[in-house]
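Reader: Could you take me through one part of this model up close, the surroundings of the ligand, and then a few spots away from there? Keep it chatty, please.

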Amino acid sequence: MIGKICGTGSYVPVEYMDNHELSRTVETSDEWIRERTGIVKRHIAKEDTTVSMAVKAAKQALTDSELCEEEIDLLIVSTISSNVILPCTACEVQKEIHAINATCFDLNAACTGFLFAYNTAQAYIAAGMCKNVLLIGAECLSTLIDWKDRTTCILFGDGAGAVVLRAEKGNLYRTVSCSDGRKGTALTCDMGDYIKMNGQEVFKFAVRQVPEAIAGVLKENNLKEEDIAHFILHQANRRIVEAVARRMNVELDKFPMNLQEYGNTSSASIPLLLDEMNRQGKLKRGQKLILAGFGAGLSWGASVLEW
Ligand code: ACO
């Protein structure tokens, strides 16, 4: 059995901060941020929390899936910015949406989190442990940002994305998933502190590892670049996406982006993009997509998804 996506949803706070507004609080400019990252604005939660955003995205995904909440038997939230340490965000979401039959847990693998959660859900389904999974990536990164640090505050934003997976007959695709704790100091956030990052190191890591992971997953599944309709990368930086496309020698059109609107929303970026594309009718049944994540840990990987 394989998990097929049968519903998507997303939510971002209405409030946002554009580059011009940021340049009034730290020494930066719209031009610098656009040129180095491609980001134009980021949505920032004022009233919303990680849980409230996750719930709104989840409700949309459930409606889209036509499943009812009681049919969900696994609920995973990928997040690095839960409201509280206990209870986990997934249990808080369960309570709000009445998914009373679901096993609930959170997963923390930073910007690779949604990809690892997707693989976890597929493994549960393949093992016959569940049938219907609600998978959410939700982040309130604005609470983890030092708004006086121009090297990080320009990059991140808040939001949530969700998908519902339903078990169907089919073969499981092989996946590439990697972690290297020895390089963890490149991107950290201590308890009670803010996100700290060696931007150039993370940049180089992403540009090197993501094409390798994608090449690896294509090979593992006997697929070629031309078999893939869209490469859905974690939305961190336009230059990273462009460099990956260049290294793979694949046209940039196959790498959809929405980071200009949302910034880097960590775990939420891949499901947010999937939901946007789904609602715009850009995803067709039977198309093969590649999801690729990279981030703190360091962690990275790529998986094939058949729409
Ligand atoms: N505005 C203006 N100048 C700035 C800013 C800013 N916001 N930030 C840094 N600068 C300055 C620096 O101080 C430096 O000045 P100096 O030359 O006088 O020392 C100069 O700009 C160049 O700084 P670099 O760090 O070399 O700039 P770079 O081109 O590497 O861009 C950036 C920085 C955008 C952070 C880039 O390294 C990057 O995108 N890295 C990847 C980050 C990322 O994607 N992280 C998330 C992935 S994992 C996850 O999502 C958790």
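**A close look, starting from a loop**

Author: Let's start with Met191, which sits in the loop between strand S9 (187-188) and strand S10 (196-197). Helices (H or I, at least four residues) and strands (E, at least two) are DSSP runs here, numbered from the N terminus. Before going on: this is a predicted model, where local features need pLDDT of at least 70 and side-chain atom pairs count only at pLDDT 80 or more, while totals for chains, interfaces and linings use all residues. Residues are numbered from 1 along each chain as its sequence is written, and side-chain values use heavy atoms, with hydrogens and water left out.

Met191 counts as exposed because its relative accessibility is 74%; exposed means over 50% relative accessible area, buried under 20%, and partly exposed in between (1.4 Å probe, protein chains only). Together with Ile85 and Leu86, Met191 makes a nonpolar surface patch of about 430 Å². Such a patch takes residues with over 30% relative accessible area and no salt bridge, joining nonpolar side chains (Val, Leu, Ile, Met, Phe, Trp, Tyr) within 5 Å and like charges within 9 Å. A salt bridge is a side-chain nitrogen of Lys or Arg within 4 Å of a carboxyl oxygen of Asp or Glu.

Now the ligand. There are 23 residues around the ligand, and Thr28, Cys111, Gln200, Asn237 and Asn264 come nearest; a residue is near if one of its heavy atoms lies within 4 Å. Asn264 has a polar side-chain atom 2.6 Å from a ligand oxygen. For His234, a side-chain N or O atom is 3.1 Å from an oxygen atom of the ligand, and a polar side-chain atom of Trp32 lies 3.5 Å from a ligand nitrogen. Taken alone, the ligand exposes 1000 Å², and the protein buries 74% of that (areas by the Shrake-Rupley method with a 1.4 Å probe; for residues, only the protein chains shown count as cover).

Two or more shell residues each come from helix H2 (30-37), helix H6 (199-220), helix H7 (238-248) and strand S12 (288-295). H6 gives the largest share, four residues.

Elsewhere, Thr8 is in strand S1 (residues 2-11) and is buried, since its relative accessible area is 1%. Its side chain makes a polar contact with the side chain of Asn278 (2.8 Å). That term means a pair of N or O atoms within 3.5 Å; within protein, one must be able to donate a hydrogen and the other to accept it, and residues adjacent in sequence count only if both atoms are side-chain atoms.
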